[in-house]
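The sequence and structure come first, and the notes follow by topic.

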Amino acid sequence: MLKIGYRTLKTGIGTALAISVAQWLHLDNFVSAGILTILCIQNTKKKSINASWSRFLACVIAMLMSGALFELISYHPAVIGLVLLIFIPITVALTISEGIVTSSVIILHVYSAGSVSLGLYENELGIILTGIGIALLMNLYMPSVETKLVEYQERIEENFYKIFCEMINYLKTNDGKWDGKEITETEKLLREAKTLAFKDVENHFLRHENLYYLYFKMREKQFYILQRILPIAASLSQTVEQGHRIADFLEELRDHIHPGNTALFYLKMLYDMKVEFEQMELPKTREEFETRAALYQFVREMEEYLQLKSSFKGIKKSRTFHTKKSATS
């Protein structure tokens, strides 16, 4: 079944409206207004503004330059090539190369007219303003993506919960049957979530950052740390007493995963555990030494994991996927 998105809907309606307005204004080559509208409707408001400005400036430059060269030299196809040879490098230098295609249409209009006049310039300017104006009008409305962002947040937190469960299970039972599907799934979710959050920023002119985008960036960094912690946890045998101590700590974190921020509580808990490990007797065998090294690395990684969360100011908690307490990880 065909799915029609907002951009497709706005493009269809906007193009018809632009052509109708241009025709109502009795503009020559009125269908070109529809082309401008199609090209100026973008995925976000900021992109639409940038595309509109680039095309407007490029079209005005093309209109004036082509008129001057056609009048000075002649109305000959070779002069069209000359105009483009000069015009294209200028648009690239001014970083408005998006407007090359639409400007080429304006150049051909001037060529087809056979002579330059105030009426011609007024007509072309009318086409440009109508097409761009309708596109900007259509892009005033952008659907809210907050519901989708919350869904991504919850799915990512749920996967974090499952990853913690698997680490805890291994530390307590030495059962390594986990297929690790949450790892690849979380990586994909984080990538998609950041893209959507950045799109939301682009739809707000006065907003330069988005709490959800910062949140997903923070979770992404935490996720990389979890990937480093997994082999550390796997290296700790179930016979190691400290493995159970770590498992208890991970259970605390697992049960308090949400977008709020009280990570300092867990940093204090981690510090106490670190002191406890430092007071242990010195290792007497190679196995004990390797275990102690793994424990030390684990504490360092978890400290970084929690510091990332403590530096995030937090966002309002959404509905939860399992019962949680008031703290966070």
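**Core and overall fold**

In the largest nonpolar core, which has 47 residues, Phe216, Leu250, Phe298 and Met302 touch the most other members. At least two residues of this core come from each of helix 7 (146–173), helix 8, helix 9 (211–235), helix 10 (241–254), helix 11 (264–278) and helix 12 (286–310). Helix 9 gives the largest share of this core, with 11 residues. The model is predicted.

- The secondary structure of the protein consists of 12 helices and zero strands.
- Along the sequence, the pattern reads α-α-α-α-α-α-α-α-α-α-α-α.
- Of the 329 residues in the protein, 45% are buried.
- In soluble globular proteins, nonpolar side chains tend to be buried together.

**Largest pocket**

- The largest pocket holds about 300 Å³ of space.
- Its lining is made up of 14 residues, and those nearest the centre of the pocket are Gly5, Tyr6, Arg7, Pro143 and Lys199.
- Which helices each supply at least two residues of the lining of the largest pocket? They are helix 1 (6–24) and helix 8 (181–202).
- Helix 1 contributes the most to the lining of the largest pocket, namely three residues.
- By class, the lining of the largest pocket has six nonpolar, four polar and four charged residues.

**Cavities**

- Rolling a probe the size of a water molecule over the atoms shows where empty space is left.
- The count of cavities of 30 Å³ or more is two.
- The largest cavity has about 50 Å³ of space.
- Lining the largest cavity are Ser32, Ile35, Leu36, Thr102, Val105, Ile106 and Ile127.
- Helix 2 (31–40) and helix 5 (100–113) each give at least two residues to the lining of the largest cavity.
- The lining of the largest cavity divides into five nonpolar and two polar residues, with no charged residues.

**Aromatic contacts**

- A search of the whole structure gives eight aromatic pairs.
- In the pair formed by Phe223 and Tyr224, the ring centres are 6.3 Å apart and the planes are at 45°, so the pair is tilted; planes under 30 degrees apart would count as stacked and planes over 60 as edge-to-face.
- Phe70, Tyr75 and Tyr111 are linked into a cluster by ring pairs.
- A charge also sits over a ring: the charged end of Arg219 lies over the ring of Phe160, 5.2 Å from the ring centre.

- Most residues other than glycine have a negative phi, and most peptide bonds are trans.
- Asn29 is not a glycine, yet it has a positive phi of about 55°.
- Where does Asn29 lie? Asn29 is in the loop between helix 1 and helix 2, and it is partly exposed because its relative accessible area is 37%.
- Thr95, also a residue other than glycine, has a positive phi near 55°.
- The loop between helix 4 (77–93) and helix 5 holds Thr95.
- Thr95 counts as exposed because its relative accessibility is 65%.

Methods: Residues numbered from 1 in each chain as written. Predicted model: local features only at pLDDT ≥ 70, side-chain atom pairs only at ≥ 80, totals over all residues. Heavy atoms only, no water. Phe/Tyr/Trp six-rings, centres within 6.5 Å; stacked < 30°, edge-to-face > 60°. Lys NZ or Arg CZ within 6 Å of the ring centre and 35° of its normal. 1 Å grid on protein atoms, 1.4 Å probe; cavity = no way out; pocket = protein on both sides within 12 Å on 5 of 7 lines; lining within 4 Å. Points joined across faces, edges and corners; volume = space filled by probe spheres on them. Helix = DSSP H or I, 4+ residues; strand = E, 2+ residues; numbered from the N terminus. Nonpolar A, V, L, I, M, F, W, Y, C, P; charged D, E, K, R; others polar. Core = buried A, V, L, I, M, F, W, Y, C linked by side-chain atoms within 4.5 Å. Buried < 20%, exposed > 50% of the residue type's maximum accessible area, 1.4 Å probe, protein only.
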